[in-house]
Amino acid sequence: MAPQDTHTYRCRFVYDQENYELEFIPYKPLFKTDYKLLEIDFDYPYKYLDRTPIDQAKEGLHTHEEIIFVKRGLITDTSIANIACYINNEWLTPAKPLLEGTARARLLDEKKLTLADITLEDFEKASKIAFFNALTGFYEVKNHPSEQR
């Protein structure tokens, strides 16, 4: 049953071949302001309950920091959000993210984002970066690549 108060919750539908469960989890948006790049070799095409590879990647981060995943030399996304880079007057989002989020799909449909393979060299050229998901919306990160040096 859905909570009857006015607090914000995220809804999680957990299922397997035989059972399902609907969970309502109190939600507090996490707006990260700094980031670290991390090369990875795992896949994450669906939202799994077991987030071990992602959780391990985040070990040792400060509360204001986020991991930007890099796979085979291309920017993918973060542990909690998709990413966009403002390059040559256009918001680009990775063509091959780990997880194709619903906010990403909506922004692509609205033509606010363009798919691209974003290399580390491209990433360094970005004048702005933004993180986004269904709950936080689209927000620019304080420290874009040129400020991380």
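**Exercise 1.** In which loop does Asn89 lie?

*Solution.* Before starting, note that this is a predicted model, where local features need pLDDT of at least 70, side-chain atom pairs count only at pLDDT 80 or more, and totals for chains, interfaces and linings use all residues. Residues are numbered from 1 along each chain as its sequence is written, and side-chain values use heavy atoms, with hydrogens and water left out.

Step 1: Find the strands, which are DSSP runs of E with at least two residues, while helices are runs of H or I with at least four, numbered from the N terminus. Asn89 lies in the loop between β6 and β7, and Asn88 is found in the loop between β6 (82-87) and β7 (90-94).

Step 2: Check the backbone. Most residues other than glycine have a negative phi. Asn88, however, has a positive phi of about 50°, and Asn89 has one of about 65°.

Step 3: Check the surface. Buried means under 20% relative accessible area, exposed over 50%, and partly exposed in between (1.4 Å probe, protein chains only). Asn88 counts as exposed because its relative accessibility is 72%; Asn89 is exposed too, with 68%.

**Exercise 2.** In what order do the 3 strands of the open sheet stand?

*Solution.* Step 1: Strands pair if DSSP finds at least two bridges between them. Between β3 (residues 34-39) and β4 (residues 65-71) there are 6 bridges, and these strands run parallel. Among the facing residues, Asp34 stands opposite Glu65, and Lys36 has Ile67 as its bridge partner.

Step 1: Write down the order, which is β3-β4-β5, with mixed pairing. β3 and β5 (74-78) are at the edges with a single partner strand each, so one side of each has no neighbour in the sheet.

**Exercise 3.** Is Ile68 buried or exposed?

*Solution.* Step 1: Locate Ile68 in strand β4.

Step 1: Apply the cut-off: Ile68 has a relative accessible area of 0%, so it is buried.

Step 2: Leu37 is 31 residues away from Ile68 in sequence, yet their C-alpha atoms are 4.8 Å apart in space.

**Exercise 4.** In which strand is Phe13 found, and how exposed is Phe13?

*Solution.* Step 1: Phe13 is found in strand β1.

Step 1: With 49% relative accessibility, Phe13 counts as partly exposed.
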